[in-house]
Amino acid sequence: MLQKVSPESVGISSEKVLKFIKTLENNRLHTHSLLLTRGDKIFCEKYYAPFDENFKHRMYSVSKSFVSVAIGLLIEDGKLSLEDKFISFFPEYTEGMNDPWFEEMTIRNALTMSTCTPAMPDWFTCGTKDRTEIYFQGRATMIPGTRFQYDSPGSYMLGVIVEKLTGKPFLEFLQERFLNAIGFSADAYCVQCPGGHSFADSGVICTARDLWRFARFVMNGGTWNGVRYMNEAYLREATAFQVANNSRDMDHYGGYGYGYQIWKTPRDGFAFIGMGDQFAICDPETDTILILNSDNQGDPFSRSVLYQALYGLIVEEMGEPLPENEAALRALRAHEQGDTLRALPRGCDSSFAKELAGRTYRLGENNMHISWFRFEFEGDGGVLHYENAQGVKVLPFGFGHNVFGKFPEEGYADLVATVGVPGHRYDCAVSAEWQEEKKLHLCVQIIDKYFGNCNMVFSFKDDRVVVMMQKVAEAFLNEYQGTAFGTVAR
C-alpha cells in the first residue's frame, strides 16, 4: 500500500523536508525513526542505526490509543457501552468498597482521562503481584467527569476490561479484528504487568510502519483498501474534542483537547503520543501523517521543537504538487541514509586523559554504591571500569560516536514489567565527550524493550573527583542516580 515518492509530487518541497529533519537534529533530539506520508505515499523515511524498518520499538503511551480502538470494537459488538459503570467490571476487587466517586465513574470517564484519579500505591515500586487490584486500594481524589487529569493506570484498567471481555490479550484481539488484515506485523507484541494482563497503557511494541498503518486506519474511519473493519462513528468521536486538557494558556503542544485516549492537535488534528516522544500526528485537512520514534526523556523542549517544525515547515506548507527538483531530492535522499543514533560531540582535546588513564579512584559512601572506578583510553574511545553492589563492571564508550553493547547492570525486567530476570541486561549505546580539560561526560542510552538514559559526569581536581550521575528512566537505572566524592587510591 505504501509507495515512496518525492515530496514535490505530494505538494511539499524537498528543501523544507530536509530542513525539518535538520531542525530536529540541530536541536539534539534523539530520534530513532521518522516517517512522513501524505495519503498512502511516503515522501520521507529515515532511520538512525541500529534502528531500521524492521525494528520493533516500544510505543509507551501510544498504546493507550490502541486500547481505545479495542474498546470501540467492543461497543460495536454490544459487549459494553460508554455509560457502563467502570467498577462493574471488577467485582472481585471492589467487593465491600464504599466510595461513591468510584461507583459513579463510567467507561467514558476513563476514555477521556476524567476519572476518579485514585491515590494509589506506585505499582513500579510497591512489589505488587497483581497490578489490577491496587487501582481500587487508594481513595478517589476527583469527582469523575469533572476535569481532565492524566490517569495512566485507568488506561491500563481499560485494557484489562478488553481482556476480560474477549478472553485474550488486547493486542491479539486487535490483530484478529483488523491489524493482521492491514499488514501490521504478526510478531508485534505487548509487555505484560504483574498479574498477567497486558501493559496496555504503555507496552505495545511494533515497527514505525506498523504504527503508520494503525494511524491510517483510524484516519480512514475504520476502513482499509475499501473494506470496513470498524464502525466509523466511534473513531470520529475518539479523535474529536471531548474534554479540555489545558488549565493554563501556556501549553504550546498538548493543550488542544483530548478525545478517547487520543490527543487533539493544531488544525483540529489528532495524535497518539508516548513517553520519550513516540508520535503518530495526523492532520486530516492535508491527509498528512508523521510517525516519530525517539527517546527524548528529560528534554523539556523536544515536543515544542517538533510541533513548531512539523507545522511550520511541513503541514502548513502542504499544497498542490510542485515541479520536481532533482538536486534537492538527491540531497534529501542522501541525508535519509547512513546516520546512526545521536551521540555526544567529541568535545575538547584533553591532555589530562593521559594522566587519568589507569588511575584508580576510591569513592566515599554514595547512593550508587560505587566503591571505585578507573578509565582506560584507546584510539577514539575508552572503557570505564567500576565496582558497585553487583560487582565489577565494564562500560565501553566512544568519543563523538556510540559504542553499542549491553549495559553492565543485571537483573532488570524483560517481558513482565517490574519483575527482574536474573542475568538480564539491556542493549545500550554509550558516547563520551571532554566538556573541559578535566571534566569527562558519558551518556548512556538504553535502547531495548525499555528506553532510558543516564548521564555521568566526572569532574577532577588535583587528586580528588566529583562523580554526578543522573538517570531518566521509568523504574530502572535507579542504581545510577546521585553524587559521589573520591580521591586517587594510594
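Started with helix 10, residues 302-314: its 13 residues reach 17 Å from first C-alpha to last, close to the 18 Å expected at 1.5 Å a residue. The expected span is 1.5 Å times one less than the number of residues. Helices here are DSSP runs (H or I, at least four residues), numbered from the N terminus.

Before going on, I noted that this is a predicted model, where local features need pLDDT of at least 70, side-chain atom pairs count only at pLDDT 80 or more, and totals for chains, interfaces and linings use all residues. Residues are numbered from 1 along each chain as its sequence is written, and side-chain values use heavy atoms, with hydrogens and water left out.

Next I checked how covered helix 10 is: 11 of its 13 residues are buried (under 20% relative accessible area, 1.4 Å probe, protein chains only). Among them are R303, Y307 and Y311.

Then I turned to helix pairs. I looked up helix 1 (residues 14-26) against helix 11 (residues 326-336), and got an angle of about 30 degrees with the axes 8 Å apart. Axes are lines fitted to C-alpha atoms over the stretch in contact, and angles run from 0 to 180 degrees between N-to-C directions. So helix 1 is roughly parallel to helix 11 (angles under 35 degrees). I listed the contact (heavy atoms within 4.5 Å): helix 1 brings S14, E15, V17, L18, I21, K22 and E25, and helix 11 brings A328, L329, A331, L332 and H335. These split into seven nonpolar, two polar and three charged. For the classes, Ala, Val, Leu, Ile, Met, Phe, Trp, Tyr, Cys and Pro are nonpolar, Asp, Glu, Lys and Arg charged, and the others, Gly among them, polar.

From helix 2 I noted K64, V67, A70, I71 and L74, and from helix 6 S152, S155, L158, G159, V162, L165 and T166. This contact divides into seven nonpolar, four polar and one charged.

Last, which loop holds T117? I found T117 between helix 5 (107-111) and helix 6 (152-166). T117 counts as buried because its relative accessibility is 11%. Leaving out residues up to four places away in sequence, T117 touches T141, M142, Q149 and D151.

Technical notes
Helix = DSSP H or I, 4+ residues; strand = E, 2+ residues; numbered from the N terminus. Buried < 20%, exposed > 50% of the residue type's maximum accessible area, 1.4 Å probe, protein only. Parallel < 35°, antiparallel > 145°, perpendicular 65-115°, else oblique.
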